[in-house]
Amino acid sequence: MSNELVKYQPELNTIPLRKFSPTEMNLFFSIISRMRDKGDQTVRFSFDQLKDLSNYKPTANRRFIDDLKRTYNHLMDLRFGSQSKSGLSFERFVMFTKFKINGDVEEPYVDIEIYKDALPLLNHLESWVRYALVEFRDLKSSYAKTMFRLLKGYRTTGYAYFSKSDFIELLDIPKSYRQSNTDQYVISPIKEELTPLFRGLTVRKKYGKGRGKPVIGYAFAWTPERKDAEDVHVSKTERLNKAKFNIEHNGELTDKEKWRAIDKIKGLKLGTTEAEHNKQEQEKREEQIRAEERQKILEKLRNGGLR
């Protein structure tokens with residue numbers, strides 16, 4: 001699982017994954033990781049293989065089939081294609097033409113075939129977005145997953161800017177969200193979950209002119225990756241150590257955000273690291289009080305104050 005690479009044509013990042021849950025995103029990009037350079041041939045995934053790739057937790061096949069169906073239904077809503085500069089020529093197509101689920105056999109499987117016009121998205125790539133499936137898969141928030149993919153498209157430049165309208169569309173943010181909602185439910189999980197993966201990550205709002213200085217866009221900056229950076233054949237321990245370093249040395253996060261980020265990368269219940277920190281601080285305070293009391297007693301002894 002640790003050596004799975006997701007790699008595709010950048011156009012795929014421009015299509016909002018509307019209504020996709022985190023589980024459905026995991027299934028979709030697990031499929032993408034294994035269909036690269038397979039041409040128009042039908043690719044078969046066993047249930048066990050797809051569960052392993054996507055780190056699928058529920059084990060009942062009926063539940064799994066339901067999630068596969070929902071994933072495919074959402075995929076059918078995605079429209080790829082192009083439009084001429086004049087706007088007079090236009091084409092649209094879906095990515096997959098075959099999605100067959102067979103759960104009645106001894107080893108259940110899914111057969112998938114890419115549509116011929118969508119072949120350039122995954123085959124003979126001249127430019128691409130690439131990342132380790134395990135890093136994408138282990139993110140919890142759908143907003144963090146989407147922003148992870150988008151930023152990986154700029155991984156060697158270390159900077160990406162999105163206008164507010166593009167940001168809302170690409171992340172499929174509810175139109176009813178106020179700025180405070182966006183800050184709490186979109187920006188916060190992005191910062192907490194992506195800081196471990198992008199060294200020195202900063203998120204800045206860009207403000208426009210006018211009443212109240214409205215937010216007009218979002219700028220993301222981080223330390224650029226080397227073009228030859230190894231992001232696939234990396235041990236779990238190495239990933240964890242790198243993630244902890246990135247969290248601890250990021251000046252943008254509050255202590256509470258850092259503690260939550262550490263909980264997430266370690267798979268702990270939220271609040272665990274904060275509770276441990278508070279416990280250690282309490283023990284330090286108690287030890288300091290005991291040391292001060294011992295010092296007072298020694299002072300009294302030296303001064304002949306004890307009988």
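Visitor: What is the volume of the largest pocket?
Guide: Since the model is predicted, totals for linings use all residues. The largest pocket is lined by 38 residues, and the volume of that pocket is about 1100 Å³.

Visitor: Which helix gives the most to the lining of the largest pocket?
Guide: The elements that each supply two or more residues to this lining are helix 4 (133-137), helix 7 (179-194), helix 8 (236-248) and helix 9 (255-266). Among the residues nearest the centre of the pocket are Arg239, Leu240 and Ala243. With seven residues, the element that gives the most is helix 8.

Visitor: How many residues in the lining of the largest pocket are charged?
Guide: Sorted by class, this lining holds 13 nonpolar residues and six polar ones. Glu135 and Arg239, both of which count as charged, are among the residues nearest the pocket centre. The number of charged residues in the lining is 19.

Visitor: Which element gives the largest share of the lining of the second largest pocket?
Guide: The second largest pocket holds about 420 Å³ of space and is lined by 18 residues, with Pro10, Asn13, Val129, Gly153 and Tyr154 nearest its centre. Two or more lining residues come from each of strand 7 (129-132), helix 5 (142-152) and helix 6 (164-171). The largest share, three residues, comes from helix 6.

Visitor: How many nonpolar residues are in the lining of the second largest pocket?
Guide: By class, the lining of the second largest pocket includes five polar and five charged residues. The number of nonpolar residues there is eight.

Methods. Residues numbered from 1 in each chain as written. Predicted model: local features only at pLDDT ≥ 70, side-chain atom pairs only at ≥ 80, totals over all residues. Heavy atoms only, no water. 1 Å grid on protein atoms, 1.4 Å probe; cavity = no way out; pocket = protein on both sides within 12 Å on 5 of 7 lines; lining within 4 Å. Points joined across faces, edges and corners; volume = space filled by probe spheres on them. Helix = DSSP H or I, 4+ residues; strand = E, 2+ residues; numbered from the N terminus.
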